[in-house]
Amino acid sequence: DFLCISLVNGFTQLRYNLGDRTVILQTLQKVHANGNTWHSLNAGRVGNEGYLDLDGINVTRKASPGMKALDTHTDFFVGGVSSLNLVNPMAIENEPTGFTGCIREVVINNRELNLTVTGSKGGANIGDCDGTHCGYAVCKNNGTCQVENSGFSCSCPREWTGTMCEQSIYCSQNMCGSHALCIPQPSSLSYTCACTLGWTGKYCHNKIKFYIAKFVGNSYIKYTDPFYGKRDLQYSRLSLNFTTNQTEGLIAWMGKSEDEDNDFLAIGLANGTLKVVINLGERISVPLMHSKYFTCSDGRWHFITVVQNQTCIKVYLDEELILFEDIDPQRKYTALNYGGICYFGGFEIGRKVNIVTIGLFQKEFLGKIKDVVLFQDSKKIQLMKAEGYNIHDGNSGN
């Protein structure tokens, strides 16, 4: 399998192969070869349908039905490759040759690549394209860059300050402690402090321990499973206790959540009903809901266990089996490759639940979680030793 973008006789071409045949898309207009015109290119695929957009002019084409996943496990190359024999002969029209020109702002699945010495795995024969100290996007938050004798300066919009407009004016005089992030609140011309795990208080100066995690909003826990390398990923299991009076919320997300093709197991609430979603590959997300149970938002403790036995999923609520389904009788994908990452309550600050989960869940979790057990482990995981923000002690009244 491959996905390749190239220049062919002045036209931009997208070629991809999902395992059966190569699909070729070519732009309708040529690229300016004068060396000083920037072009905006959007290319990719949704399932087996490819799209290629150059400066707003779009072409699309579908591959033959059947194959829908791009199975690639190689490095990502920009502008050339380390060895020409890495290039599939079908990926380009002519003999492979390196790109000459400028490339900036490469975004893969909503994540921008850091095209620098420290941000890349390797490279060769790369120079600064802009040639000035301003470069690309030096000034953050729509700041304007001016070249000066000693380097550059940024002219910042009204609500931003700092040498690169990186700091909100509402956080410039903040009193948040060293274990906190300052979150600007423009609507109230103020800020709030987001406390890292183990700290609480208005300015995050108070140290706490907890066994019950209380999620109060803008909260999440990210746990890295130390035993991931030894797990049998065809037989996964996640159990926990939770309580909430909210009808919407993401309780747990077992998976990396970095791009749309990551496997995951998710537990949450939708309209007060328990919702479990599993993706073992190809983004075939199968939502499992049980309409009989509208009692999960009643402020009581509920015990949930989700068991994955290859493609068979069992869901227990308060020790009663409420769902049992084979999500793929064809057994095409049978392992939950979750990357050893588990999120509880939501995702990193700034990452909205409805966007990361592509609408599967609408909001972060507000409530309490305790007694989290992965697989058949004899011990509960220690949530205190994870990373996260805005977690209170669920035992106390705060």
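## Cys 195 and Cys 204

Cys 195 and Cys 204 are joined in a disulfide (a pair of cysteine sulfur atoms within 2.5 Å), with their sulfurs 2.1 Å apart. The torsion about that S-S bond is -85°, and the link is left-handed. Both Cys 195 and Cys 204 are buried, where buried means under 20% relative accessible area with a 1.4 Å probe, protein chains only.

Cys 4, on the other hand, is in no disulfide: the nearest cysteine sulfur belongs to Cys 102 and sits 19 Å away. Cys 4 is still buried, at a relative accessible area of 18%.

## About the model

This is a predicted model, where local features need pLDDT of at least 70, side-chain atom pairs count only at pLDDT 80 or more, and totals for chains, interfaces and linings use all residues. Residues are numbered from 1 along each chain as its sequence is written, and side-chain values use heavy atoms, leaving out hydrogens and water.

## Two more bridges

By the sulfur-distance rule, the count comes to 5 disulfides. One of them pairs Cys 139 with Cys 154, sulfurs 2.0 Å apart. It's left-handed too, with -90° about the S-S bond of Cys 139 and Cys 154. Cys 139 is in the loop between strands S8 (111-112) and S9 (144-148) while Cys 154 is in strand S10 (residues 151-155), so the bridge ties together parts 15 residues apart in sequence. Strands here are DSSP runs of E, at least two residues, numbered from the N terminus.

Cys 176 and Cys 193 make another disulfide, with 2.1 Å between the sulfur atoms. Its S-S torsion is about -90°, so the Cys 176 and Cys 193 link is left-handed. Both of these cysteines, Cys 176 and Cys 193, are buried.

Technical notes. Helix = DSSP H or I, 4+ residues; strand = E, 2+ residues; numbered from the N terminus. Buried < 20%, exposed > 50% of the residue type's maximum accessible area, 1.4 Å probe, protein only.
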